[in-house]
Amino acid sequence: MSGTAEAIIADSTGRSPAAARGTMRALTLVADRKIELRDIAAPAEPGNGEVQIRIKAIGLNHIDVWGWRGMAFAKRTLPLIVGVEAAGEIALVGPGVTSCRPGDRVVAYGALTCGNCKACRAGRDNLCENVASIMGFHVDGFARELVNMPARLVVPIPQNVSYRDAACAPVAFGTVQHMLFDNAKLEPGETILVQAGGSGIGTTAIKMAKAIGCTVITTVGDDAKAEKAKAIGADHVINYRIDRFEGAVRKLTGKKGVDVAFEHVGPDTFNGSLFCLKRGGRLVTCGSTSGQSITMNLFQLYLQQYRIFGSFGCSLRNIGESLAKMASGLLPVIDTEVPLEEFERGLARLESRQVFGKIIVTF
Ligand SMILES: [Zn+2]
């Protein structure tokens, strides 16, 4: 994954090699569950305020699986270039760009925000009032050799962080950073329940919570994952296929419950996670892989004074914070690396829930 000479050398016209060829490789979703590697036109030179990024690594997330399966409600047209989080190297900079130079290593924010609304100006990028779309889901994403982006949406990668690890910053790490620290306001010494601790965000939540001195309880679906979850720092691991996690958490906390529940599973676990909270506890969720709807006990909600946070994406600041954590040694757990041609194998592995950590696609 080290930077190749080709990546930073432009030809005599200043164009990158792929752009000079006029075409580039791109992974394109052409129909539900059908991705093809295609040669498409390389992007034009970056415009005013834009940079051109040569993509090096892509992190896979559940949103990729949703997109691959097909989502009736999503407004988009196929074919669509996939890939929602990525790391790469600046190949070219457009006029007026002073924040980065060719050769800089960067990650890119995955949503096209406006940069002007009240939320954007306050640094709350994921609450942008005029967000155009999510790259790799609504509009063309990062699984291509070159992509032009507004320079304001890229974040530099610290020197000692690899492209592979950095590719987990914009979505996996950023989302968890935002959930735990901006929304749930997790404090050192608190107890947290992390649901599905073997997932990309689950492994990240375990490591981030442990790093500030929390007691971490997590759930997994088999004994092999239980060992791996312990190895990355979980204090208590519940195999939910053997034990009801609600009862186990009650026992582990001396009937008190946890301060924070980290959710992304949905109907299968949501009410159980609420039940695990102590009075005034916080539940934060960023996903719902097991379905869309639940029935909730409202008496329980207000009598126990629960606080529930919906969380989606993160801010540019959260991406910087994530990369800083990686630079200080808090690295993502990588399950598998697959080459670009095997993107679909990565998605199938993610969908099968056999993973422990992140799946990375390399160029
Ligand atoms: Zn905005």
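A: A donor, in what follows, is an N, O or S atom within 2.8 Å of the metal. The model is a predicted one. Here the metal is a zinc ion, and its protein donors are the SG atoms of Cys114, Cys117, Cys120 and Cys128, at 2.3 to 2.4 Å from the ion. Along the sequence, these donor residues follow the spacing C-x2-C-x2-C-x7-C. To judge the geometry, look at the angles among the four donor atoms: they run from 102 to 119°, and the site is tetrahedral. The cut-off is that four donors count as tetrahedral if all angles lie between 85 and 135 degrees.

Ser315 sits in the loop that runs between β14 (307–310) and α12. Its relative accessibility is 2%, so Ser315 counts as buried; the limit for that word is under 20%.

Pro170 and Tyr109 are 61 residues apart in sequence, but their C-alpha atoms are 6.0 Å apart in space. Pro170 is part of helix α6. With a relative accessible area of 6%, Pro170 is buried. Leaving out residues up to four places away in sequence, Pro170 touches Glu85, Ala86, Val107, Ala108, Cys314 and Ile319.

One of those residues, Ile319, is also among the α12 residues that make the contact between α6 and α12. Helix α12 covers residues 316–327, and the axes of α6 and α12 are 8 Å apart, at an angle of about 100°. The two helices are therefore roughly perpendicular to each other. On the α6 side the contact includes Ala169, Pro170, Phe173, Gly174 and Gln177, while Arg317, Asn318, Glu321 and Leu323 are among the residues on the α12 side.

Helix α6 (residues 169–183) also packs against helix α7 (residues 200–211): their axes come within 9 Å and cross at roughly 50°. That angle makes α6 oblique to α7. The crossing is right-handed. From α6, this contact uses Ala172, Phe173, Val176, Gln177, Leu180 and Phe181; from α7, it uses Ile201, Thr204, Ala205, Met208 and Ala209. Phe173, Gln177 and Phe181 of α6 take part in the contact with α7, and these residues are also listed in the contact with α12.

Some backbone details of the loops remain. Most residues other than glycine have a negative phi, and most peptide bonds are trans. Gln305, in the loop between α11 (298–303) and β14, has a positive phi near 55° although it is not glycine. Lys255 is another such residue, with a positive phi of about 70°. Lys255 belongs to the loop between α9 (245–252) and β12 (258–263), and with a relative accessible area of 63% it is exposed. The peptide bond from Leu78 to Pro79 is cis, its omega being near 0°. Pro79 is in the loop between α3 (62–69) and β4 (80–81).

Terms used: Residues numbered from 1 in each chain as written. Predicted model: local features only at pLDDT ≥ 70, side-chain atom pairs only at ≥ 80, totals over all residues. Heavy atoms only, no water. Donors = N, O, S within 2.8 Å, 3.2 Å for Na, K, Ca; no water. Tetrahedral: all angles 85-135°; square planar, octahedral: opposite > 155°, others 65-115°. Axes fitted to C-alpha atoms, helices over the stretch in contact; angles between N-to-C directions. Helix = DSSP H or I, 4+ residues; strand = E, 2+ residues; numbered from the N terminus. Parallel < 35°, antiparallel > 145°, perpendicular 65-115°, else oblique. Left-handed = near helix turned anticlockwise from the far one by under 90°. Contact = heavy atoms within 4.5 Å. Buried < 20%, exposed > 50% of the residue type's maximum accessible area, 1.4 Å probe, protein only.
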